[in-house]
Amino acid sequence: MKKLVAGNVSWVGKVDWELETFHGDEFSTHRGSTYNSYVIEEGKTVLIDTVWAPFAKEFVDNLEAEGLLSKLDAVIAQHAEVDHSGAMPELMRRRPDLPVYCSANGIKSLKGHYHQDWDFHPVKTGDEFDLGNGKKLVFVEAPMLHWPDSMFSYMTGDAILFSNDAFGQHLATERLFNDQVDQAELEEECIKYYANILTPFSPLVKAKIDQVLALGLPVSMIATSHGVIWRDDPTQIVKKYLDWSQSYQEDRVAILYDSMWNGTRTLAEALARGISDASPSTTVVAHSLSKFDKNDALTDVFRSKAVLMGSPTVNKGILSAVAMVMEEMKGLKFTGKKAAAFGTYGWSGESVAVLGTRLKDAGFELVDDGFKALWNPDPAALEAAYEYGKRFAASIR
Ligand code: FEO
């Protein structure tokens, strides 16, 4: 249902309380999400983005019930990923005459998804759409934030930046604004979203923010496509993005591991004790990758200054849960982080070397050759792991 954002701008999106995973099963969404769509009713009536396909009929029916469907003069498709363009086929079926404004890459992507030849109007950075009443939308292409077609739209007068995915978070809420939700939950979802989606594009994040800030435009609100709208100190999230985009790290160590018969688990616990005792200011977190959520683990990698990856040797390699997360860590292109590997073994014992190579390939700086223990760690091996944890803490100061 329509909710007032400011002036003649309203939210007409969808709150998805049931969403458990996003991007297929790649991203866990413990708190659901929203697909934010906005309508501007000035001299012209313009829709910005739509919602995910399962809600297409509900979305367009709502537009009709609000008397908006027949009033629309244009739709701005800021990004063609299906969570925002999924209702386009239903919308265009019922309003085939509607002009579609998007980036040139947006046309390619929308055609690729829906195989339709809608009335496309490509826009570039600096192009404007006259809304009437002395207001306009100014478009800013934002390639790779996070798709090649992504773009922002800035509304003059009301000074609202429609940022699409950037500055968003997967947080289902009936509240529209950042000051109306639990701040700890909001922060948690923002950093998880950045860590798991935007980290590979960090250099572009910084460049784009610098470019937008250089325009010196007033910004009263940042209206994202997921989660809340930033109206209370809206640039706070921009400052966070600048911080996060520059090899972000806290005084934190993430231990990620999997274990077959608890040997590598006991090493992880001894390492955690060693690091904590040697460096009381450091927060140490351990994640069993086969038991707990990988996106939460990756968020902790993002927040950490160093990582310990653990696996026993199996079939001359590493356990699949660890291999899967290593693959994601490589793709996310973390920078400026130190690392080492650990694990138990019974026969050949390749896992620590395999993990070391993969950590290096993923851009981590190895502090040494890692720590390995033969068979099930006995008290002496656990003491050695504890001491290794202390040395590791010293090497990452
Ligand atoms: Fe929210 Fe890139 O889609």
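Residues are numbered from 1 along each chain as its sequence is written, and side-chain values use heavy atoms, with hydrogens and water left out. Because the model is predicted, local features need pLDDT of at least 70 and side-chain atom pairs count only at pLDDT 80 or more, while totals for chains, interfaces and linings use all residues.

**The chain as a whole**

The protein chain holds 12 helices and 22 strands. Helices (H or I, at least four residues) and strands (E, at least two) are DSSP runs, numbered from the N terminus. Along the principal axes, the C-alpha atoms fill a box of roughly 75 × 40 × 35 Å. Of the 397 residues, 58% are buried; buried means under 20% relative accessible area, exposed over 50%, and partly exposed in between (1.4 Å probe, protein chains only). Among contacts (heavy atoms within 4.5 Å) between residues at least 6 apart in sequence, 72% join residues at least 24 apart.

**Helix α6**

Helix α6 covers residues 202–214, and Serine 202 is found in it. Serine 202 is buried, with a relative accessible area of 7%. Leaving aside residues up to four places away in sequence, Serine 202 touches Tyr194, Trp244 and Ser245.

The expected span of a helix is 1.5 Å times one less than its number of residues. For the 13 residues of α6 this gives 18 Å, which agrees with the 18 Å between its end C-alpha atoms.

Which residues of α6 are buried? They are Ser202, Val205, Lys208, Ile209 and Val212. These residues cover an arc of only 120 degrees around the axis, so they lie on the same side of α6; the arc is that of the directions from the helix axis to the C-beta atoms. An α-helix has 3.6 residues a turn, so residues three or four places apart point the same way. Pro203 and Ala214, on the other side of α6, are exposed. The buried residues of α6 pack against β13 (135–141), β14 (151–155), α5 (183–198) and α7 (235–244). Just after α6, glycine 216 takes a positive phi of about 65 degrees.

In strand β17 (residues 252–257), 6 of 6 residues are buried. Arg252, Ala254 and Leu256 are on one side, with Val253, Ile255 and Tyr257 on the other. In a regular strand the side chains alternate between the two faces of the sheet.

Two strands pair if DSSP finds at least two bridges between them.

| Pair | Sense | Bridges |
|---|---|---|
| β17 and β18 (residues 283–288) | parallel | 6 bridges |
| β17 and β19 (residues 306–310) | parallel | 5 bridges |
| β12 and β13 | antiparallel | 4 bridges |

Isoleucine 255 stands opposite alanine 286 in β18, and its bridge partner in β19 is leucine 308.

**The five-strand sheet**

An open sheet is formed by 5 strands in the order β12-β13-β14-β15-β16, with mixed pairing. β12 (128–132) and β16 (221–224) stand at the edges with a single partner strand each, so one side of each has no neighbour in the sheet.
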